[in-house]
Amino acid sequence: MSELETLIRVLPMVGAEPAILDDERIAHVVGQGHRVLSRRSVPGLDLDIEETPDAIVGKMTIRAGMVIEQPIHMCFGLAHPTGSQNIRIDVVVEERATARVLSHCLFPVAQAARHRMQATIDIGPGASLTYSEGHYHGPHGGMQVFPHASIRIGKGARYFSDFSLLSGSVGSLDIDYLVEVEEDGIVELAAKIFAHGTDHITLKEAVILRGERSRGLIKTRVVLEGEACADITGITEAHAKGARGHVDCMEIVQGLAHASAIPIVRVFHPEAKVTHEAAIGSVDKKELETLMARGLSPEQAVEMIVSGILR
Amino acid sequence: MNRLSACMMQTCSKGVVRTMTVPLLDIRTLTFLVGDQKILDRLDFAIHPMEIHALLGANGSGKTTLAYILMGCDGYVPTAGTVMFKGTDLLSLKMYERAKLGLTLAWQEPARFEGVTIREYLTLGRAAVNPKPALAQVGLDPDRYLNRQVDKSLSGGERHRIELASVLCMKPALAILDEPSAGIDMLSINHIINVIRAIKDNGGAVLLITHQEEVAAIADSASQLCNGRIVCSGDPAQVIEHFRGRTCVRCDGEVCGYVRA
């Protein structure tokens with residue numbers, strides 16, 4: 001089986017179909033290690049991707065005023081048990097442009113490997129970007145994964161991000177996002193993670209609301225089982241009149257797993273407001289009992305509650 | 001006490017002949033202590049198949065505690081007494097085993113479930129269950145509600161109705177409804193009444209915990225609970241009349257504090 005086949009056959013595990021690579025209306029990049037296996041652009045999208053010995057380096061630009069109808073698929077991963085992958089990419093969404101990026105990070109057989117994504121994302125005035133990143137890892141764990149990004153949201157622009165790691169065992173995951181939001185800009189960062197075994201999750205998301213009437217939401221859902229652990233930090237700063245932010249973190253801990261959640265809110269303007277809520281614990285007793293009173297066993301009830309939270 | 005005794009001698013007037021059938025639920029000398037305080041005090045009563053039994057009582061009289069003990073909620077193990085349900089020792093069963101035997105509870109303040117759709121909540125993985133008629137019966141449009149989540153986006157009244165729809169879908173032998181009309185607007189009370197009757201039409205019995213007299217009035221029989229004891233039992237109209245009384249019939253309000261303005 002080729003490296004390309006090894007990667008794309010697990011695309012359904014992150015909700016995508018291999019057929020997207022054959023569709024000429026859909027832009028895509030497939031990278032294995034530091035090599036680009038497949039790529040396609042579409043009108044309105046400039047895709048400049050190159051291989052270097054120690055990274056895949058690229059720039060993706062959605063031109064001003066363009067609406068990219070079909071999601072842009074970025075598939076990165078490793079087709080072997082060991083190896084390293086570094087991705088450095090700059091994404092520019094020009095003024096009033098709109099696009100949706102689906103990023104698939106695929107490590108079906110990885111056992112001792114490393115993946116690092118360093119992205120800068122610049123969203124111009126009135127533009128909109130939806131970025132969904134789905135990870136698929138095999139059962140072995142043992143990986144080190146570093147998705148790091150620095151994002152600037154221009155005046156009246158919108159950015160919606162959704163990170164999910166719902167199947168397989170990752171090893172070590174270290175997410176670090178910094179988002180700066182200008183006047184009337186909106187950001188929503190959502191993360192859903194199901195950690196098993198000895199997985200170690202570090203998630204740090206910071207939203208800096210610089211502009212007037214800017215809005216930010218950080219929503220994190222983490223379920224831990226086995227001996228997994230998680231350290232979650234959600235930071236929101238509001239610097240301008242009318243800025244509004246909220247941090248919402250929920251972690252469910254089962255077995256010997258353990259977790260911490262640190263919501264940090266800072267307000268630097270009297271007419272700004274930031275709120276937060278954080279909950280860590282086992283599955284809610286009342287939810288459990290409600291389902292058991294309908295005949296579900298404790299195990300079935302926990303499964304239903306957890307799948308809902310991670311949906 | 002004469003007044004109390006007279007009330008307790010009443011028989012049901014709505015066609016459920018209590019002495020002729022084996023009780024579906026048979027509670028004997030049920031006692032529940034928290035520290036030295038008796039929350040339930042040697043409680044005796046029975047519910048027969050397809051009987052709607054209203055349980056009235058002031059706040060703190062022990063109604064919800066009884067519901068939690070019967071359902072087997074965590075921390076609600078009685079201090080003494082027995083409960084037989086369909087001829088089985090109910091107290092020896094786990095909560096979900098009680099549900100599988102045909103007992104269920106609609107909560108006074110139902111839980112919310114992030115990410116779980118109303119369709120999933122009503123069917124709980126049972127392919128044979130069609131949730132649409134149950135939703136329609138509680139006055140909610142299935143097309144608008146089935147794919148919504150059972151989460152904070154629902155109002156208290158909507159969540160209550162969905163709880164009742166979930167009970168309807170389960171077709172229980174005995175449904176404990178804890179304040180089913182709480183948070184329901186007056187115009188929609190008839191939906192609640194229809195649901196209670198539908199449970200009976202499906203062959204089930206209902207233990208109806210309520211403060212609302214128009215809801216209690218549809219019962220076949222009723223009891224009034226005060227300070228953990230049944231103080232009046234029999235025809236709903238008479239029990240409601242006692243409940244309307246100026247003070248508690250048992251203790252004149254000295255113990256339970258139930259004194260009407």
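This is a walk through a predicted model, stop by stop, with what to select and what you will find there.

Before you click, note that residues are numbered from 1 along each chain as its sequence is written, and that chains are lettered from A and ligands numbered from 1 in the order in which they are written. Because the model is predicted, local features need pLDDT of at least 70 and side-chain atom pairs count only at pLDDT 80 or more, while totals for chains, interfaces and linings use all residues.

**Stop 1: chain B as a whole**

Select chain B, which has 10 helices and 10 strands. Helices (H or I, at least four residues) and strands (E, at least two) are DSSP runs, numbered from the N terminus. Of the 261 residues in chain B, 45% are buried. Here a residue is buried if 20 or more other C-beta atoms lie within 10 Å of its own, exposed if 12 or fewer, and partly exposed in between, with C-beta atoms placed from the backbone. Among the contacts in chain B with a separation of 6 or more, 68% join residues 24 or more positions apart. A contact means that the C-beta atoms of two residues, placed from the backbone, lie within 7 Å.

**Stop 2: the core**

Now pick Leu174(B) and Leu208(B): of the 169 residues in the largest nonpolar core, these two touch the most other members. Such a core is a set of buried Ala, Val, Leu, Ile, Met, Phe, Trp, Tyr and Cys residues joined through C-beta atoms within 7 Å. Which helix gives the most to this core? Helix α7 of chain B (residues 156-170) does, with seven residues.

Stay on Leu174(B) and show what surrounds it. Leaving out residues up to four places away in sequence, Leu174(B) touches Leu24(B), Leu25(B), Ile47(B), Gly102(B), Leu103(B), Gly204(B), Ala205(B) and Leu207(B).

**Stop 3**

Axes are lines fitted to C-alpha atoms, for helices over the stretch in contact, and angles run from 0 to 180 degrees between N-to-C directions.

For side chains, show Leu164(B), Val167(B) and Leu168(B) in α7(B), which meet Ile192(B), Val195(B), Ala198(B) and Ile199(B) in α8(B). By class, this contact has seven nonpolar, no polar and no charged residues. Ala, Val, Leu, Ile, Met, Phe, Trp, Tyr, Cys and Pro count as nonpolar, Asp, Glu, Lys and Arg as charged, and the others, Gly among them, as polar.

**Stop 4**

**Stop 4: a helix pair in chain A**

Select helix α2 (residues 285-292) and helix α3 (residues 298-309) of chain A, which pack at an angle of about 120° with their axes 9 Å apart. α2(A) and α3(A) are therefore oblique to each other. Glu287(A), Leu288(A), Leu291(A) and Met292(A) of α2(A) make the contact with Pro298(A), Ala301(A), Val302(A), Met304(A) and Ile305(A) of α3(A). By class, that contact has eight nonpolar, no polar and one charged residues.

**Stop 5: an enclosed helix**

Go back to chain B and select helix α2 (residues 63-71). Seven of its nine residues are buried, so α2(B) is largely enclosed by the rest of the structure. Among the buried ones are Lys63(B), Thr64(B) and Leu66(B). Just after α2(B), Gly72(B) takes a positive phi of about 90°.

**Stop 7**

Leu101(B) sits in the loop between α3 and β6 of chain B. With 17 C-beta neighbours inside 10 Å, Leu101(B) counts as partly exposed. Its contacts, not counting residues up to four places away in sequence, are Phe85(B), Lys86(B), Thr88(B) and Leu93(B).

Follow that to Lys86(B), in the loop between β4 (80-85) and β5 (88-89) of chain B. Most residues other than glycine have a negative phi, but phi of Lys86(B) is near 55°.

Finish at Glu179(B), in the loop between β7 (174-178) and α8 of chain B. Glu179(B) also has a positive phi, about 50°. Is Glu179(B) buried or exposed? With 21 C-beta neighbours inside 10 Å, Glu179(B) counts as buried.

Definitions and conventions: Angles under 35 degrees count as roughly parallel, over 145 as roughly antiparallel, 65 to 115 as roughly perpendicular and the rest as oblique.
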